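I opened my notebook to get to know a new structure. Here is what I looked up, one entry at a time.

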Amino acid sequence: MGRVAELAGVSVRTLHHYDEIGLLRPSARTFAGYRAYSAGDVERLREVLAYRRLGFGLREIADLVDDPATDAVAHLRRLRGLLLEQRDRAAAMVKAIDRELEARAMGLRTSPEEQLQVFGAQLYDTIGSAYPATRRTEPRIAARIWGALGDAQTVLNVGAGTGSYEPPDRDVTAVEPSAVMRAQRPPGAAACVAAGAESLPFEDQSFDAAMAVSTVHHWPDPVAGLREMRRVARRVVVFTYDADNTGWRERFWLTRDYLPEFADLLIGWPSLADLTQAIGGRAEPVLVPWDCADRFFEAHWRRPQAYLAEHVRRAVSVWTRVGPQAEQRAVDELRNDLTSGRWAERNRDLVALDTAELGLRLLVA
Ligand SMILES: C[S@@+](CC[C@H](N)C(=O)[O-])C[C@H]1O[C@@H](n2cnc3c(N)ncnc32)[C@H](O)[C@@H]1O
């Protein structure tokens with residue numbers, strides 16, 4: 001045990017603790033009665049330590065390493081992806097800090113926009129690599145969006161990401177500011193222009209329709225971006241949420257009981273009336289199906305276990321935006337309530353529902 005502890009750079013006490021809680025039980029004993037680690041035990045220890053370094057809690061790690069569907073290679077792949085993402089995220093933060101230090105050294109103060117940029121518009125350059133694992137077309141929502149596009153033949157998709165909701169039967173042009181997201185567009189996807197919504201590089205009325213899906217809340221100036229969509233297209237379709245209706249925030253158990261910090265993200269967010277006014281349209285509710293295929297923030301309202309999975313959270317910006325402390329606390333509390341049955345008790349009415357109204361809206365003009 002001492003040798004394994006030394007090699008792994010952990011204390012013997014840590015290994016004892018892992019043994020006591022059943023996370024890593026050495027499979028053999030020496031003649032003298034000491035614990036002996038097999039090759040398989042060492043492999044498991046490597047996984048435990050790597051997930052630990054990524055910030056996972058011990059209980060979460062136990063769930064991960066005990067999952068029979070994940071073999072050693074799948075763990076290595078997942079660890080690699082998570083580490084690269086963490087590296088990219090850290091590199092973007094270092095760059096932003098260097099920029100600010102340089103500016104301060106020259107006696108300049110960076111603007112509030114610049115200070116927040118790394119969490120906003122550039123966010124997808126840091127978290128985007130986790131996106132394709134869980135974010136995909138939800139056919140029932142796609143049907144609503146494509147229906148609202150009417151007979152439009154030329155369609156501009158703003159904040160297009162990997163293109164989940166691009167209609168396959170129209171002439172689509174995509175706009176996406178994040179290089180990481182552009183690079184992940186599947187082969188054969190529509191041509192993609194690097195630009196932000198607030199300044200679309202197109203002539204007035206260039207498209208039959210412009211669409212924007214799950215993106216408006218990332219724009220530094222949503223109203224300006226929506227006006228731009230209105231300018232370049234005859235029809236506008238936007239899938240977003242109603243942030244000023246606090247009723248639904250109360251209704252969603254995740255924000256109500258575990259992540260009240262979500263409210264901070266909505267400060268300064270334009271009202272639904274402001275958003276619809278910017279395109280001169282109307283808002284229709286979009287209910288979230290219980291088995292929603294696009295695993296966005298609200299998608300798992302009837303599948304709470306999903307929020308315990310790191311890879312599910314990493315593809316949803318809310319979790320990065322609230323910060324690691326709030327995220328960890330929310331996940332720990334949810335895990336406890338799922339184990340104790342408290343979540344099921346509090347939310348027993350949900351089991352009978354197939355769809356939920358969680359404030360998602362389709363704006364159509
Ligand atoms: C949650 S993703 C949605 C992607 C895609 N529409 C979908 O439904 O899968 C949000 C996207 O908005 C993009 N975005 C961020 N700031 C933007 C801006 N100012 N203008 C346009 N898109 C922006 C991000 O880079 C990211 O790809």
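**Ground rules.** I call two residues in contact when heavy atoms lie within 4.5 Å. Helices (H or I, at least four residues) and strands (E, at least two) are DSSP runs, numbered from the N terminus. This is a predicted model, where local features need pLDDT of at least 70, side-chain atom pairs count only at pLDDT 80 or more, and totals for chains, interfaces and linings use all residues. Residues are numbered from 1 along each chain as its sequence is written, and side-chain values use heavy atoms, with hydrogens and water left out.

**The whole chain.** I found 19 helices and 11 strands in the chain. Its C-alpha atoms fill a box of roughly 80 × 60 × 40 Å along the principal axes. Of the 365 residues, 46% are buried (under 20% relative accessible area; exposed is over 50%, partly exposed in between, with a 1.4 Å probe and protein chains only). I also looked at contacts between residues at least 6 apart in sequence: 65% of them join residues at least 24 apart.

**Helix H11 against H15.** Which residues of H11 meet H15? I noted Pro222, Val223, Leu226, Arg227 and Arg230 in H11, facing Asp274, Leu275, Ala278 and Ile279 in H15. The residues of this contact divide into 6 nonpolar, no polar and 3 charged (Ala, Val, Leu, Ile, Met, Phe, Trp, Tyr, Cys and Pro count as nonpolar, Asp, Glu, Lys and Arg as charged, and the others, Gly among them, as polar). H11 and H15 (residues 272-279) pack at about 25°, with axes 8 Å apart; axes are lines fitted to C-alpha atoms, for helices over the stretch in contact, and angles run from 0 to 180 degrees between N-to-C directions. That makes H11 roughly parallel to H15, a label for angles under 35 degrees.

**Gly225.** Next I picked a residue of H11 (residues 222-232), namely Gly225. Is Gly225 buried or exposed? Gly225 counts as buried because its relative accessibility is 0%. Beyond neighbours within four places in sequence, Gly225 is in contact with Ala197, Glu198 and Trp219. Ala197 is 28 residues away along the chain, yet the C-alpha atoms of Gly225 and Ala197 are separated by 4.6 Å.

**Cores.** A nonpolar core is a set of buried Ala, Val, Leu, Ile, Met, Phe, Trp, Tyr and Cys residues joined through side-chain atoms within 4.5 Å. The largest has 74 residues, and Met229 and Trp253 have the most contacts inside it. Apart from that core lies another, of 19 residues, including Met1 and Tyr37.

Note on methods
Angles under 35 degrees count as roughly parallel, over 145 as roughly antiparallel, 65 to 115 as roughly perpendicular and the rest as oblique.
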